[in-house]
Amino acid sequence: MRLVCLCEKEETELGRQQAPGSCPYCGGKVQMIDVERKWMFCFVSLCFNIKRKYLCSSCDRRLALYHQK
């Protein structure tokens with residue numbers, strides 16, 4: 001007998017805004033994207049969190065935000 005469990009991750013874009021600053025690689029505009037993530041195990045929701053991503057609108061690179069002290 002086999003037991004098959006499905007694990008999957010869903011990502012949904014909640015909103016998109018222009019962020020201040022420019023891309024250090026190409027000088028393009030930076031976009032701030034709010035993403036909702038759900039981790040599912042056998043159709044049961046395990047984890048739910050909202051993250052913010054920063055992307056360049058010209059070269060589509062994912063950018064990291066570093067805090068200065």
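Residues are numbered from 1 along each chain as its sequence is written, and side-chain values use heavy atoms, with hydrogens and water left out. Because the model is predicted, local features need pLDDT of at least 70 and side-chain atom pairs count only at pLDDT 80 or more, whereas totals for chains, interfaces and linings use all residues.

The protein contains four strands and zero helices, arranged along the sequence in the pattern β-β-β-β. Helices (H or I, at least four residues) and strands (E, at least two) are DSSP runs, numbered from the N terminus. Of the 69 residues in the protein, 20% are buried, where buried means under 20% relative accessible area, exposed over 50%, and partly exposed in between (1.4 Å probe, protein chains only). Among contacts (heavy atoms within 4.5 Å) with a separation of 6 or more, 41% join residues 24 or more positions apart.

The largest nonpolar core consists of seven residues, namely Ala19, Cys23, Val30, Met32, Tyr54, Cys56 and Leu63. Strand E2 (29–41) and strand E3 (44–56) are the elements that give two or more residues to this core. A nonpolar core is defined as a set of buried Ala, Val, Leu, Ile, Met, Phe, Trp, Tyr and Cys residues joined through side-chain atoms within 4.5 Å. With neighbours within four places in sequence left aside, Tyr54 is in contact with Ala19, Val30, Gln31, Met32, Arg61, Arg62, Leu63 and Leu65.

Two of the core residues, Cys23 and Cys56, are cysteines. Cys23 is buried, at 3% relative accessibility, and the cysteine sulfur closest to that of Cys23 belongs to Cys56. The separation of 3.7 Å is too far for a bond, since a disulfide is a pair of cysteine sulfur atoms within 2.5 Å. A search of the whole structure finds zero disulfides. Cys47 is partly exposed, with a relative accessible area of 34%.

The largest pocket holds about 240 Å³ of space. Its lining comprises Ala19, Pro20, Gly21, Ser22, Pro24, Tyr25, Val30, Tyr54, Leu63, Ala64, Leu65 and Tyr66. On a 1 Å grid over the protein atoms alone, a pocket is an open set of points where a 1.4 Å probe fits, with protein on both sides within 12 Å along at least five of seven lines; lining residues have an atom within 4 Å of a point. Grid points are joined across faces, edges and corners, and a volume is the space filled by probe spheres set on the points. Strand E1 (residues 7–22) gives the most to this lining, with four residues. The lining divides into 10 nonpolar residues, two polar and no charged; Ala, Val, Leu, Ile, Met, Phe, Trp, Tyr, Cys and Pro count as nonpolar, Asp, Glu, Lys and Arg as charged, and the others, Gly among them, as polar.

Lys53 lies in strand E3 and counts as buried at 16% relative accessibility. Beyond its neighbours within four places in sequence, Lys53 is in contact with Glu11, Gln31, Met32, Ile33, Val35, Arg37 and Arg62. Val44, also placed in strand E3, is partly exposed at 49% relative accessibility.

In strand E2, Trp39 is partly exposed at 43% relative accessibility. The C-alpha atoms of Trp39 and Cys7 are 7.4 Å apart, and the two residues are 32 residues apart in sequence. The contacts of Trp39, neighbours within four places in sequence excluded, are with Glu8, Lys9, Val44, Ser45, Leu46 and Cys47.

Gln18, in strand E1, is exposed, with a relative accessible area of 54%. Gln18 and Leu55 are 37 residues apart along the chain, and their C-alpha atoms are separated by 9.7 Å.

Asp60 is located in the loop between E3 and strand E4 (62–63) and is exposed, with a relative accessible area of 61%. Although not a glycine, Asp60 has a positive phi of about 60°. Most residues other than glycine have a negative phi.
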